[in-house]
Amino acid sequence: MSYRRWEREFFGQKLVIENGKMAKQADGAVVLRYADSVLLTTVNGNEQAVPGTDFLPLTVEYQEKFYAAGKIPGGFLKRESRPSDNAVLSARIIDRPIRPLFPDGMRNEIQVIVTVLSADPDNPPDIWGIMASSLVLNISPIPFEGIVAGVQVGYVDGKYVVFPSADELERSELDIVVAGTEDAVAMVEGEAKEVSEEVMVGALEAAHEAIKSLVAFQKEIISEFQTEKWELEIPAAPEGFLESFDTLVDRNKLAEIMLTPGKKNKDKALKTYRDELIEQFIGKAKETWSEEEIEDNIGFVKDFYHDIEKKVMRRRVIEEDVRMDGRKHNEIRPINIELDLLPRAHGSALFTRGETQSLGIVTLGATMDEQIVDTMFEEGSKSFMLHYNFPPFSTGEVKRLRGPGRREIGHGHLAERSLKNIVPNGESFPYTIRVVSEVLESNGSSSMATVCSGSLSLMAAGVPMEKHVAGVAMGMIQEPEKTVVLTDILGNEDHMGDMDFKVTGTRDGITAFQMDVKVSGVSSEIMTKALEQARLARLKILDLMYEAIPEPRKFVSDYAPIIRTINLPYEKIGEIIGPGGKVIKKLSSEYDSTIFIDDERSQAKIVGSNREKLDQLEKVIDAIISEVKPGQLFEGKISRAEAYGFFVEIAPGKTGLLHISKMGASGKDFLREHKVGDTIAVEVAGTDQMGKISLKLEGVEVKEDSKRDNKRPYHRNDRNDRNRGDRNRK
């Protein structure tokens with residue numbers, strides 16, 4: 001295999017493709033470099049189909065290597081182990097646009113591996129994995145029917161930017177990944193800051209123009225290869241076999257069965273009708289075929305019946321505007337909302353839409369609960385997270401319980417992106433926020449139900465969200481004579497339809513968007529219509545959510561930690577911590593709290609469960625960081641007792657003298673009744689030029705002595721000074 005190299009400039013950076021240097025034993029391999037990001041992408045497959053398989057056994061793996069970013073993995077294990085969530089999401093982005101381009105009926109095991117060899121943070125490598133995978137599949141002997149590429153699009157200062165830099169992304173109102181062929185957009189994934197439907201359509205058009213240029217470059221490269229593709233042996237039923245079964249199917253009866261209420265009842269009725277037809281068919285088929293031939297080919301009959309179901313469903317929608325549950329094309333299923341179902345959770349909401357149900361639960365935590373982030377590009381922490389769980393009982397199935405799979409990670413990521421730009425940041429709400437969606441029932445669009453239950457439970461938890469966020473899943477049936485967009489699709493409509501796209505947002509705009517297209521092309525006119533239909537549906541759902549809870553609760557749950565944020569003068573941070581952490585440990589112990597110091601923001605976060613103690617702690621910290629002023633009130637502790645008064649510590653490192661003359665008429669009694677260690681309420685009477693503090697009892701009227709007032713306040717060294725003066729006189 002000879003070495004080949006291609007080079008071209010795209011979007012302001014150099015794109016280099018190499019073949020024949022690395023991984024030469026793979027069925028297909030290329031090294032793609034864009035700026036300083038480098039990917040090695042390989043594909044291998046088995047020429048023989050997997051027997052007994054009714055799906056394409058394709059796996060796409062995205063391998064992050066920390067050396068690619070010049071880093072050593074954190075933790076105890078200093079090597080990469082299981083894929084991170086970022087790697088799983090990147091693999092999904094590559095998988096979704098290439099999977100539909102394999103031949104129908106192909107059952108060969110295929111594995112695409114994308115390995116990151118060098119990672120440029122300004123030019124992330126994952127999106128280039130789509131083009132690299134397209135190339136290796138096309139130059140390999142594996143049958144593949146298309147050329148696909150992907151781009152990232154931002155919207156900065158009113159202009160679309162293809163492959164925006166990290167700085168541009170910070171300012172961008174949009175961050176989407178779009179993949180497609182030269183004919184159409186096939187996949188979209190991303191988030192937005194409440195952009196309009198018009199801006200989103202414009203972004204898709206800008207992305208498609210960029211994709212066309214990358215597809216044209218691929219064509220040039222592929223034309224230099226004369227690879228012989230495998231001849232697929234896709235089994236087929238004997239001639240006349242399926243036609244004989246077709247004559248038994250009553251399509252009108254099938255259409256009526258499809259209207260059976262309830263997913264489980266509908267599925268059972270359809271299966272019963274299918275089994276009855278197959279039983280009739282077997283009796284009839286024995287006249288023409290042997291029992292062995294019938295048994296070997298009965299699987300084709302089941303697939304054929306499914307195709308008939310699909311045609312009947314689609315024809316009913318196109319001709320009669322009647323869907324599988326009797327709705328019109330733009331109707332939303334009935335919605336029910338309940339709040340505060342879980343007494344100990346900090347916030348909870350049950351969102352039910354038809355037969356899809358999500359229980360959203362919010363937990364509020366402190367700084368220590370933030371998620372540690374250690375990826376190729378990032379090190380730090382994450383204060384908002386959303387986790388999506390999809391147990392087998394949600395679809396009435398029996399499966400082993402395992403950790404989250406790619407589907408759970410992908411759906412959770414979409415819901416998190418939908419909400420994250422509306423959730424307040426740590427400056428205004430200093431909590432770590434975790435939302436969990438427990439999908440309790442599923443018949444289409446559970447990720448969009450998750451967005452709704454998440455928004456509701458956040459408001460129920462007292463998180464100061466300015467707006468609700470809702471989501472809706474849309475579908476499409478496209479026939480030569482007509483195209484119909486479906487609102488709030490069922491699971492079967494997703495499976496049998498031509499497009500699945502999910503839109504989330506507020507009343508003011510889109511916050512996230514995901515789309516997968518199964519047909520060759522979707523025009524801008526259809527996309528504009530679909531987005532407008534989705535907007536109207538979203539507004540209806542939002543109206544119901546605002547009826548349930550129109551604004552966030554004023555207070556967080558009694559079971560949630562109480563967190564206060566105090567801004568600190570940078571030079572005072574050391575006084576809060578104290579030598580060897582002595583002061584901060586003492587304060588935490590005395591006030592049953594935890595204190596976190598953020599040096600970068602020059603802040604202290606105090607966390608506890610007792611509101612009164614936190615109020616007192618705030619006053620103490622305020623006393624430490626500020627100069628005391630006359631009239632300030634403190635709960636101070638007597639640190640030393642003398643015949644003329646008490647020395648009172650009003651804050652760590654700050655002590656004042658409460659002279660007997662400032663204790664009121666019963667000063668002698670007060671002096672006799674109290675001892676070291678007692679806490680007393682005092683008020684600052686004044687300070688001298690040296691910063692020494694004079695105190696008086698809170699609430700006690702003291703008759704001022706002009707002569708005494710002219711003297712400086714007593715200090716702990718006063719007695720020693722007086723004794724020295726007496727000795728000098730002697």
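How many bridges join strand β12 to strand β13? The legends below take up this pairing and several other close-ups of a predicted model.

View 1. Strand β12 (residues 347-353) and strand β13 (residues 356-365) are joined by seven bridges. The two strands run antiparallel. Thr352 stands opposite Gln357 in β13. The pair belongs to an open sheet of five strands, ordered β11-β12-β13-β17-β16. Pairing in this sheet is mixed. Its edges are β11 (335-339) and β16 (384-389). Each edge strand has a single partner, so one side of each is left without a neighbour in the sheet. From one strand to the next, the twist averages 15 degrees. Helix α12 (residues 524-548) lies across β11 and β12. The helix runs at about 30 degrees to β11.

**View 2. Helix α2 packed with helix α4.** Two packed helices are described by the angle between their axes and the distance between the axes. Helix α2 (residues 128-139) meets helix α4 (residues 197-222) at an angle of about 30 degrees, and their axes are 10 Å apart. With angles under 35 degrees counted as roughly parallel, α2 is therefore roughly parallel to α4. The crossing is right-handed. From α2, the contact is made by Trp128, Met131, Ser134, Leu135, Asn138 and Ile139. From α4 come Leu214, Phe217, Gln218, Ile221 and Ile222. By class, the contact of α2 with α4 has eight nonpolar and three polar residues. No charged residues take part.

**View 3. Helix α9 packed with helix α10.** Helix α9 (residues 406-420) packs with helix α10 (residues 446-460) at an angle of about 45 degrees. Their axes are 9 Å apart. That angle makes α9 oblique to α10. The crossing of α9 and α10 is right-handed. Arg407, His411, Leu414, Ala415, Ser418 and Leu419 are the contact residues of α9. Those of α10 include Ser446, Met448, Val451 and Leu458. The contact of α9 with α10 has six nonpolar residues, seven polar and one charged.

View 4. Strand β7 (residues 149-156) pairs with strand β8 (residues 159-162) in the antiparallel sense. Four bridges hold the pairing. Tyr155 has Tyr160 of β8 as its bridge partner. Two residues lie between the strands of this hairpin. In the turn, Asp157 has a positive phi of about 55 degrees.

View 5. Five strands form a closed barrel, running β25-β26-β27-β29-β28. The pairing is mixed. Neighbouring strands are turned by 50 degrees against each other on average, direction ignored. Strand β26 (residues 645-651) and strand β27 (residues 654-659) run antiparallel, joined by six bridges. Phe647 stands opposite Leu657 in β27. Helix α15 (residues 611-625) lies across β25 (633-642), β26 and β27. Its direction is at about 95 degrees to β26.

**View 6. Domain 4 against domain 5.** The domain assignment divides the chain into domain 1 (4-224), domain 2 (241-320), domain 3 (335-548), domain 4 (562-625) and domain 5 (632-697). The centres of domain 4 and domain 5, taken over C-alpha atoms, are separated by 23 Å. Nine residues from domain 4 and eight residues from domain 5 make the contact.

Technical notes
Residues numbered from 1 in each chain as written. Predicted model: local features only at pLDDT ≥ 70, side-chain atom pairs only at ≥ 80, totals over all residues. Heavy atoms only, no water. Axes fitted to C-alpha atoms, helices over the stretch in contact; angles between N-to-C directions. Parallel < 35°, antiparallel > 145°, perpendicular 65-115°, else oblique. Left-handed = near helix turned anticlockwise from the far one by under 90°. Contact = heavy atoms within 4.5 Å. Nonpolar A, V, L, I, M, F, W, Y, C, P; charged D, E, K, R; others polar. Pairing = 2+ DSSP bridges. Domains from an automatic or database assignment.
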